[in-house]
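Open the model in your viewer and keep the selection panel at hand. The tour moves from one chain to the other, then to the place where they touch.

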Amino acid sequence: MKNILQFQDVTYIYHTAHGELLAAQNLTFRVDEGEFVAIIGPSGCGKTTLLSLAAGLLKPSEGSVESRGSFGYMLQKDELFPWRTIEKNIFLPLEVKRRHSPAQKERALALARKYGLGDFLKSYPAQLSGGMRQRAALIRTLATDPDILLLDEPFSALDYQTRLNVCEDVAAIIRSEKKTALLITHDISEAISLADRVLVLSARPARVAHAHALDFGDIPPLKRREHPAFSGWFETLWRELNP
Amino acid sequence: MKNLTYSKEHARFLQKRRKHLALVWILRLSLLALLLGLWELVTACGWVDPFIMSSPSRIARTIASLYADGSLFYHIGVTLWETLAGFAIAVVLGFAVALLLWWSETLCKVLEPYIVVLNALPKIALGPLIIIWFGTGSEAIVFMTVLVGIIIAILHMLSAFIATDPNKILLMKSMGANKIQILLKLVLPSSYPSLISMLKVSVGMAWIGSIMGEYIVSRAGLGYLIVYGGQVFKLDLVMSATFLLCLLAAGMYALVVLLEKILVKNAEH
């Protein structure tokens, strides 16, 4: 397995008029191809900074971020544009990257139909439920066929019921499309139910305090929550997050 | 999706609503009739001097004579043209300047104090300068109209551009979008409602600007009639021109509301 994303001794400093803030220090980790890695950390530890660094939107103050391949970024809210239909929303990254050939559009549409958005393509986001909107956001992220998905707490804006369902959905879609994913979350159970590997960040400045390989294999999220090993992992991670 | 078979209760609800609307309109028109009637009565009975108060019948006669000597539509046309030209220039220029300021944060910072001062300055203070620079023709009044409207148009649009959801900008950036793409695909479409409200505000500003301009310097127009009527104590003329101004402003407002309905309908689903 080759690694697709590598953080090497990354330090990141935020500068404002009032001073500077060390957001991350000597942060080192990697993500291998086909892996689902979850990163959890105490709130305010710079999780979103980390994703921006991974996506190349921020440059590290020291150290290096190396990546092979293209990114798809999924945010907390679906951020669908309300003036565009679902179809046009899904085409947005293709338009931005100027890759809107009929074949590529058809590929994105096929993906939308495959995952149950076929009837909603001409609808506007406001006409969809929160869960369907987040699904549309995932299809939009997948439209450009990215090599690695960066997921920034993508379920946190949903109510609990929807959240479990969408989590199940997204896991199934990501596994069946064989994507690499890096999930950032503050929700321990979400991390355990989705990931192959969990990294625990320290409080600011963020660095990797603990790393665990989970042994659930291909068990889907809801089944994992019922798995005997689930509560053990939960306790371990809980303690590591609250030392 | 129209459901034509309502429940009886819904039919009663609709009927009640229609009745209420009709009542509101009847009361509105009666209030107008009552006010005009009272006005006519107190002046006709000599309780108030019609020379100072004018009266509805005298206003009607004045407008009729203006119409008869052909100057009615001339004055209306002059004011309307000045207002519309000033409105169009202020809106287009204001929008363009707001775009520039959004584009360059440095430019925005540099110009900020100038804009604040221009916004606070009573434009009428520039009256003498405008007369000297632009003469006493319509150009001066159009310039005044632009001056009154443009700053508000700039500030209104700029705040809309700046208010674009930062998460959506982050999303666009994560897709690799450049600034032009962010502008065209995100900032402009999401500022659409603000554009419409800016047009509404600017219509009001344009009337203020054009009438103020005509007060300072003019040889024609409704503002000119009001000032002239005041100077020679022809209160009938003052009242008539004011009445026409009310009609025009109301008409233009109705047009903008109509335009808003069409534009919003197009933008929605």
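Select chain B. Read along the sequence, its pattern is α-α-α-α-α-α-α-α-α-α-α-α. That comes to 12 helices and 0 strands. Helices here are DSSP runs of H or I with at least four residues, strands are runs of E with at least two, and both are numbered from the N terminus.

This is a predicted model, in which local features need pLDDT of at least 70 and side-chain atom pairs count only at pLDDT 80 or more, while totals for chains, interfaces and linings use all residues. Residues are numbered from 1 along each chain as its sequence is written, and chains are lettered from A and ligands numbered from 1 in the order in which they are written.

Zoom out to see all of chain B. Its radius of gyration is 24 Å, well over the 18 Å that the globule rule gives for 269 residues, so chain B is more spread out than a compact globule. The radius is taken over C-alpha atoms, and the rule is 2.2 Å times the number of residues to the power 0.38. Along the principal axes, the C-alpha atoms of chain B fill a box of roughly 75 × 70 × 30 Å.

**A helix pair in chain B**

Select B:138-162 and B:192-216. These are helix 7 and helix 10 of chain B; their axes come within 8 Å and cross at roughly 155°. Axes are lines fitted to C-alpha atoms, for helices over the stretch in contact, and angles run from 0 to 180 degrees between N-to-C directions. That crossing makes helix 7 of chain B roughly antiparallel to helix 10 of chain B. The classes are: under 35 degrees roughly parallel, over 145 roughly antiparallel, 65 to 115 roughly perpendicular, the rest oblique.

Helix 7 of chain B passes helix 10 of chain B in a right-handed crossing. A crossing is right-handed if the near helix is turned clockwise from the far one by less than a right angle, and left-handed if anticlockwise.

Show side chains. On helix 7 of chain B the contact includes B:Ile141, B:Met144, B:Val148 and B:Ile152. On helix 10 of chain B the contact includes B:Met198, B:Val201, B:Met205 and B:Glu214. Contact requires C-beta atoms, placed from the backbone, to lie within 7 Å. By class, this contact of helix 7 with helix 10 of chain B has 15 nonpolar, 8 polar and 1 charged residues. Ala, Val, Leu, Ile, Met, Phe, Trp, Tyr, Cys and Pro count as nonpolar, Asp, Glu, Lys and Arg as charged, and the others, Gly among them, as polar.

**Helices 8 and 9 of chain B**

Move to B:166-174 and B:179-190, helix 8 and helix 9 of chain B. At what angle do helix 8 and helix 9 of chain B pack? The angle is about 130°, with the axes 11 Å apart. That makes helix 8 of chain B oblique to helix 9 of chain B. The crossing of helix 8 of chain B with helix 9 of chain B is right-handed. Pick B:Lys168, B:Ile169 and B:Met172 in helix 8 of chain B; they meet B:Gln181, B:Ile182 and B:Leu186 in helix 9 of chain B.

**Where the chains touch**

Now show both chains. 14 residues of chain B are in contact with 12 residues of chain A. On the chain B side, helix 8 and helix 9 of chain B are the elements that give two or more residues. Helix 8 of chain B gives the most, with 7 residues. By class, this side of chain B has 7 nonpolar, 5 polar and 2 charged residues.

**Chain A**

Select chain A. There are 8 helices and 9 strands in chain A. A compact globule of 243 residues would have a radius of gyration near 18 Å, and chain A agrees, with 18 Å. Its C-alpha trace spans about 50 × 45 × 35 Å along the principal axes.

Color the strands. An open sheet of 6 strands in chain A has the order 5-6-7-3-8-9, with mixed pairing. Two strands pair if DSSP finds at least two bridges between them. Strand 5 (71-74) and strand 9 (208-213) of chain A are the edges. Select A:148-152, strand 6 of chain A: it pairs with strand 5 of chain A in the parallel sense over 4 bridges. A:Phe71 stands opposite A:Ile148 there.

Another open sheet of chain A has 3 strands in the order 2-1-4, with antiparallel pairing. Strand 1 (residues 3-16) and strand 2 of chain A are joined by 10 bridges. Find A:His15, opposite A:Glu20 in strand 2 of chain A. Last, select A:47-54: helix 1 of chain A lies across strand 1, strand 2 and strand 4 of chain A, at about 120° to strand 1.

Conventions: Contact = placed C-beta atoms within 7 Å.
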